[in-house]
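Let's take a walk through a protein model and look at how some of its parts are held next to each other. Keep the picture open while you read.

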Amino acid sequence: MQYTEKNFDERSRLKRESLFHLANGRLGVRGAFEEGTPSSVLSIRGTYLNGFCENEPISYNERLAGFTDGKQQIVNLPDAQTIRILAGKQLLSCFDGTELVQTLDMQNGVYERSFTVDTEKGRIALRFTRLVSFTEPEIFAVECLLESRGFEGELRIESCLNPDVRNFTASNDPRVASGDGRMLQTVCSSISGDVMSVIAETRKSHRRVACASMHHFDDENNHGKITFTKNESTGELTAVKTLFLPKDGSVSFRKYTIYREVPASVDTSEDSEFTSLVTALRETAGNGFPALCKAQREYLDRFWQNARVTVDGNDELQVQLDFCLFGMLSSAGKDGKTNVAAKGLSGEGYEGHYFWDSEIYIFPFFLMTEPNIARSLLEYRYLHLPDAHRHARTLGHSCGALYPWRTITGSECSSHYPSGSAQYHINGDIAHAFISYWQVTHDESFLENTCELLVETARLWLDAGHWYNGEFRIDCVTGPDEYTCLVNNNYYTNSCAAENLIYAERLCRELEKRGGFSALREKLSITEEELKVFRTAGEGMYFPHDDELKIIAQDDSFLHKKRWDLASIPKENYPLLMHYHPMIINRYQVLKQADSVLANHIYREEDILTMKRSFAYYEEITTHDSSLSNCIYAIMAARLGDMQRASFYFNRCVGTDTSDQNGNTRDGLHIANMGGVYRVMTCGFGGVKIGDGHNGASGLSLFPMLPPDIAGISFPLYYQGRRLSVSVKPNECTLTLTEGDPLTLECYGQEVTIGVTGVQSSSAQNASGKTVSIKRLVKGVVFDLDGVVTDTAVYHFQAWKRLADELGIPFDEERNECFKGVSRAQCLRLLLGWGGMTVTEEEFAELLDRKNRMYGELLDELTPSSILPGIPECLAMLKDNGIPAALFSVSKNTDRILERLSMSNAFDAKVTGNDIHYSKPHFEGYLLAAQRIGVDPRLCVMVEDSSAGIEGAKLVSMRTLAIMKDNVSGADACVSSTADVLPALKDML
């Protein structure tokens, strides 16, 4: 569980400061070098407390009603990282050293940096080990080990506590704060005994932070005392110690620092609040660095047991997964008063603000692994419900609560309302997290708070929306796609609003049933009529669609705009927000990130064809300029059965920070993307879904599907007091109940009970009932026509041959192979291309018609005896086993062929060339065939004789049975004759 970078690379140093930061959800320290950097070299030397921020007014040249009054910004705290080690006058720095190794040890929760330096007296090896404690969340500790490799002599140690710090600024990047960066002013800096201490406050809001440092040195051969200095102009405090390093020996020392926000009344080190802080520091230091490390390891052992996602046989990917999960744990506030900033505590990007990222991308990880942390994140939102009331009134709403788009202390920080405050969907996103928490935990002690928040956010939707033509609509909002602002009926927004409204009523009924609703009804003046209105509006919500394209419309006007050809945009002009005025971007069909595709994942599944068409349409115009996008496309590609696309998008998101894909890792890690990676593994490849449950079954279901480049995955899950272990192999899922009562759930569409001995099931179960293995069964079979049910290929060949002869174009069986699985129009284009001929559209249509007439005349030769061997027996076997069979052919003569074969009623459903717009391998026909027999396409087998047909079936995760001499298409099974299809199908069943 280690992420390692080797050798000094100035180009990646700022990125590494983020990658090697340490944090615990309250305190975060960037991975800057202890010895510092040359004055000409930029370092973002940051230390942060979650939620500790400066409040500043926002200046507008043209201020309108309801504009945000002020902003909050996370504050860089006094710096305790600095430890300078000098041999004579030479500073021991990795800038002058060799053998640099930086390691984030995620099992032990420490960051180690080691390097060697040559001096006049010999070589010295240095190793710094840092720890930000999960069990003592105010503590930052560093251990330094110095080893002689030929050196002998004295070393001077200078360890600093510096209140003269600034925030990082960048005037040309909207994702980073601007200004001079000076946020803190020193109240006092002092030395008391062996403790250096600083009290500082923010310049405008006067919030105060206190910090103190002390040291423990190995005093063998080193009896000199620690001396202290103070820079009167900056307030910087320095502890100085001289150590003797014997030849080929070693010496070590440790530095302990504590950070705490304190009341504004604390202004001296004699204050009782401050002395309690020093007492805590002394106790930690007295216990020693090994005790901190031991507690850290024990904490993380429990965490990894409950959370670690493992992947088979891919060590590099495993490290990336561990990095993501560790990053989220490090970033999440755990006290109910803080949340998760967009960059966690790794940097100052987005000014330390909390967004919807927390609820949609990060919260689900904790919900399924550490529900206590998940509840803490919700407690922060509930704590700021009064702020959401005020925000709603500021924006002109007469009732309800509207959460701010970006915040730290609860009030809105966004000054650009079109892509900020207009994102009302944050209300539904927060509501969704509360709903999910109830579904997964059934935590009755939090249900009243949940209902209160749902009612107040539902009231906001009623005030923001209106009824039109019998449907509830919401105008003038911005969805997740920030490249499309201030629209009517954003599909995503309407989807989350509908859920919010429906569950406000549903969970209030649940609370009433449990006897806890009376107090809330009185507190909020909830009426029976209001609850009914919630449900009516939710169920009557309008969801825009385009009937011509047969897709979801992102909003009422999006599809009326001109499409932006993304291929025409120079690579250096991404992300678009950095190079084009917002109005330019807003005029085009172009997406910053997943929008309606995200809605299909979280809120609203539609029929598979609509979702697949919508995915394909929006995929072409999505820039993925947001790090929140690739993961969602990976999840939905997996849900729609296209595991190759799922793998493509997953590989684009899994290394976002380590490879600095967005070019801004220096500003902090992309914590929400880390949550997205987790969701891909569990919801995408693991197929995990959460709902309400019914008929005695829980609301937990799984439909695991692995991409071709992953052999297997495993992960733990928490659900309603139980802990489960999930292990996925191709076409099989093994579930183990590791803690809690028996559970009934759904896997691959089958109802499964684990934890009960002797349960009869089609799945393999162990004697104790604690473990059950579920196979991905075959529930439907789809047959191709030509070359599978009958052989009309000879007639096609004869018709094409006759037409080719008339045109004077050479045509033989080898060229005919290129026509398999290809539409008639494309076949004719190939033929004309071989002949070097060009024709008009009218001539082209006439040639197609002539070929079809020739083919139709030949079809009259078909009789029932033309059915290929083994096919009637296959159909009979499927019927006996209750497995529906469909026929899918791109031929428009399918009905005529079936009639000639006396097979018009042989199949439960059929899809012909008259039903579809695209030929194979397009997904349309396959999904339509599965839909018509009522079977999930992922539970179907496609029997095919063409590579194009096999390729298309794979795009929707149908298993494939190829009828070919050689399995060149990579089908799941292959036979050389239709006579062998029956036993092959039986094996697949």
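Let's start with two strands: S32 (residues 743-747) and S33 run antiparallel and are joined by 5 bridges. Keep in mind that this is a predicted model. As a bit of background, strands in a sheet pair through backbone hydrogen bonds, in either a parallel or an antiparallel way.

On to charged side chains. How many salt bridges does the structure hold? There are 65 of them.

| Pair | Distance, N to O |
|---|---|
| Arg 113 and Glu 35 | 2.6 Å |
| Arg 375 and Asp 443 | 2.7 Å |
| Arg 613 and Glu 924 | 3.7 Å |

Take the pair of Arg 113 and Glu 35, whose side chains meet in a salt bridge. Arg 113 is in strand S10 (residues 110-119), while Glu 35 is in the loop between strand S3 (27-29) and strand S4 (47-49), so this pair ties together parts that are 78 residues apart in sequence. Are these two buried or exposed? With a relative accessibility of 1%, Arg 113 counts as buried, and Glu 35 counts as buried too, at 6%.

Next up are Arg 375 and Asp 443, which also meet in a salt bridge. Arg 375 belongs to helix H6 (residues 371-383), and Asp 443 lies in the loop between helix H8 (425-441) and helix H9 (447-464), so the pair ties together parts that are 68 residues apart in sequence. Asp 443 has 16% relative accessibility, and because the cut-off for buried is under 20%, Asp 443 counts as buried.

Then there is the salt bridge between Arg 613 and Glu 924. Arg 613 lies in helix H15 (residues 608-619) and Glu 924 in helix H25 (residues 924-932), so parts that are 311 residues apart in sequence are tied together by this pair. Both Arg 613 and Glu 924 are buried.

Salt bridges can also link up: Glu 505, Arg 509, Glu 528, Arg 535 and Glu 539 form a network of them.

Terms used: Residues are numbered from 1 along each chain as its sequence is written. This is a predicted model: local features need pLDDT of at least 70, side-chain atom pairs count only at pLDDT 80 or more; totals for chains, interfaces and linings use all residues. Side-chain values use heavy atoms; hydrogens and water are left out. Two strands pair if DSSP finds at least two bridges between them. Helices (H or I, at least four residues) and strands (E, at least two) are DSSP runs, numbered from the N terminus. A salt bridge is a side-chain nitrogen of Lys or Arg within 4 Å of a carboxyl oxygen of Asp or Glu. Buried means under 20% relative accessible area, exposed over 50%, partly exposed in between (1.4 Å probe, protein chains only).
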